[in-house]
There are 2 protein chains.
Amino acid sequence: MVRWKPGARERLQAAALERFGAQGFDGTTVAEIAATAGLTERTFFRHFADKREVLFSGQDEFERLFLAGIEEAGDSDPMAIVAAALEGATAFFPDERRSWSRARQRVIDADPGLQERELLKLSGLATAMTDGLRRRGVDPTAAALAAESGVAVFRVGFATWIAEGEERPLAEVLRAVLTQLRSLVTAPQV
Amino acid sequence: MVRWKPGARERLQAAALERFGAQGFDGTTVAEIAATAGLTERTFFRHFADKREVLFSGQDEFERLFLAGIEEAGDSDPMAIVAAALEGATAFFPDERRSWSRARQRVIDADPGLQERELLKLSGLATAMTDGLRRRGVDPTAAALAAESGVAVFRVGFATWIAEGEERPLAEVLRAVLTQLRSLVTAPQV
DNA sequence: ACCCTGATGTCAGCGACTGCCATCAGTACG
DNA sequence: CGTACTGATGGCAGTCGCTGACATCAGGGT
């Protein structure tokens with residue numbers, strides 16, 4: 001007989017998402033989440049650094065996908081490398097995950113604190129991409145710009161992908177947004 | 001005789017920056033900041049929504065400068081409007097302010113929580129710019145992209161402006177970064 | 001003289017988070 | 001077979017961020 005039920009971390013994540021959806025982030029205490037998962041508050045904080053973090057696990061793997069895309073890109077043009085990274089990251093968001101992503105995003109959009117955390121994660125992603133690009137010999141400032149632009153494209157594309165009525169897969173949306181960025185920035189300068 | 005010394009808010013801000021610089025953000029309690037300013041903890045929270053916010057006042061005025069730039073831009077090309085907004089915002093950061101900005105940024109860069117708040121502010125700025133662009137008839141997705149790109153340019157440019165050894169005024173740095181973005185995104189596509 | 005306003009103080013209390021120590025099933029090792 | 005060790009958990013006390021409710025009291029207006 002096992003001493004502890006396995007998957008404590010996953011139970012906590014599921015309990016948290018369910019409670020947040022039902023009562024909101026602020027209306028849910030950590031003790032309540034832990035109790036729902038059959039654990040105690042103290043144990044929650046052994047699995048997650050803080051209350052918000054419970055919604056942002058897996059971000060590391062997501063970041064790794066981006067970096068893999070950067071490292072395996074055949075090209076050497078910065079924006080082309082970024083495009084490859086975006087392409088690679090879409091593996092993290094298959095169509096089956098769209099409705100789950102919607103639910104999670106609804107919770108995040110309802111709380112400024114969670115938005116802060118999301119932004120910090122995306123900022124970390126941009127930094128990681130910047131480093132990856134520099135390792136491939138891209139000029140430092142150009143690397144930062146390309147990475148920031150790539151993250152911007154991802155943000156806009158992801159929001160579009162999640163929007164009501166949108167049917168295209170993420171990869172296709174991202175390609176469209178990137179194309180739009182190119183034409184925007186290239187537009188007639190006055 | 002006055003009942004309270006005037007400028008409570010400013011005294012709190014000065015006390016906070018000084019303490020944060022000396023002991024770090026986490027190593028400073030709100031009660032300590034308030035005491036330094038000759039006030040109580042409760043009064044601190046009447047002036048600022050939370051402990052972090054004491055470093056981010058004035059952001060509203062900053063945002064207004066951006067919006068004014070957008071509304072007064074003579075152009076109708078999205079990125080040209082964004083360029084005008086960037087130009088207008090530089091008024092908020094004259095050269096005399098560079099060393100103060102450096103000190104404040106050093107505090108922020110040392111604490112993830114403060115970075116989160118900064119990102120949230122910049123995100124709010126991007127949203128405001130997006131709305132401003134849409135009010136000028138720019139296509140919604142294009143507006144979001146242009147705004148995000150504009151904020152990215154500002155971030156990269158501001159970091160450059162603040163860097164050790166940099167001497168050019170912010171406006172000049174921003175123009176250079178924007179030019180670099182154009183050539184990046186326009187680069188040969190493979 | 002009177003009341004009203006507004007910035008402040010005081011106090012009690014909740015919830016997030018941490019440090020420290022205890023518990024005890026399973027595992028490794030002598 | 002017993003003993004020591006490991007690792008996930010619980011319990012508890014304590015700090016700090018933050019809030020609501022109520023009191024205070026100088027100055028301004030009536």
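**Salt bridges and their surroundings**

Modeller: Over all chains the count comes to 26 salt bridges by the rule applied here, and since the model is predicted, every value below is computed from predicted coordinates. A:Glu71 and A:Arg135 are both exposed.

A second pair in chain A is formed by A:Arg175 and A:Glu87, whose side chains meet in a salt bridge at 2.6 Å, N to O. Here A:Arg175 lies in helix H9 of chain A and A:Glu87 in helix H5 of chain A, so parts that are 88 residues apart in sequence are tied together by the pair. A:Arg175 is partly exposed, its relative accessible area being 44%, and A:Glu87 is likewise partly exposed, at 35%.

The backbone of A:Glu87 has a polar neighbour too, for its oxygen lies 2.5 Å from a polar atom of the side chain of A:Thr90. A:Thr90 is placed in the loop between H5 and helix H6 (98–109) of chain A, and with a relative accessibility of 14% it counts as buried, the cut-off for that class being under 20%. If residues up to four places away in sequence are not counted, A:Thr90 touches A:Leu170, A:Ala171 and A:Leu174.

In chain B, B:Glu53 forms a salt bridge with B:Arg117, and their closest N and O atoms are 2.6 Å apart. B:Glu53 sits in the loop between helix H3 (41–47) and helix H4 (59–72) of chain B, while B:Arg117 is in helix H7 (residues 112–135) of chain B, so that the pair ties together parts 64 residues apart in sequence. B:Glu53 and B:Arg117 are both buried. The two also belong to one network, joined by salt bridges that share partners, which includes A:Asp50, A:Arg52, A:Glu116 and A:Lys121 from chain A as well as B:Asp50, B:Arg52, B:Glu116 and B:Lys121 from chain B.

On the side of chain A that touches chain B, the elements giving two or more residues are helix H5 (78–89), helix H7 (112–135), helix H8 (140–162) and helix H9 (170–186) of chain A. H8(A) gives the most to this side, with 11 residues, and the residues of the side divide into 19 nonpolar, 7 polar and 9 charged.

In total the contact takes 35 residues from chain A and 35 residues from chain B. The two chains bury about 3200 Å² between them, with 65% of that area on carbon and sulfur atoms. Within chain A, the residues that lose the most area to chain B are A:Glu116, A:Leu145 and A:Leu184, which together account for 21% of what that side buries; A:Glu116 is also a member of the salt-bridge network described above.

Leaving aside neighbours within four places in sequence, B:Phe154 is in contact with residues including B:Phe62, B:Phe66, B:Leu122 and B:Leu170.

B:Leu125 lies in helix H7 of chain B and counts as buried at 3% relative accessibility. With neighbours within four places in sequence again left aside, B:Leu125 is in contact with B:Phe62, B:Glu63, B:Phe66 and B:Val151. The C-alpha atoms of B:Leu125 and B:Val151 are separated by 7.8 Å, although the two residues are 26 residues apart along the chain.

How values were computed
Residues numbered from 1 in each chain as written. Chains lettered and ligands numbered in written order. Predicted model: local features only at pLDDT ≥ 70, side-chain atom pairs only at ≥ 80, totals over all residues. Heavy atoms only, no water. Contact = heavy atoms within 4.5 Å. Buried area = accessible area lost by both parts, 1.4 Å probe. Helix = DSSP H or I, 4+ residues; strand = E, 2+ residues; numbered from the N terminus. Nonpolar A, V, L, I, M, F, W, Y, C, P; charged D, E, K, R; others polar. Salt bridge = Lys/Arg side-chain N within 4 Å of Asp/Glu carboxyl O. Buried < 20%, exposed > 50% of the residue type's maximum accessible area, 1.4 Å probe, protein only. Polar contact = N/O pair within 3.5 Å; in protein donor to acceptor, adjacent residues only side chain to side chain.
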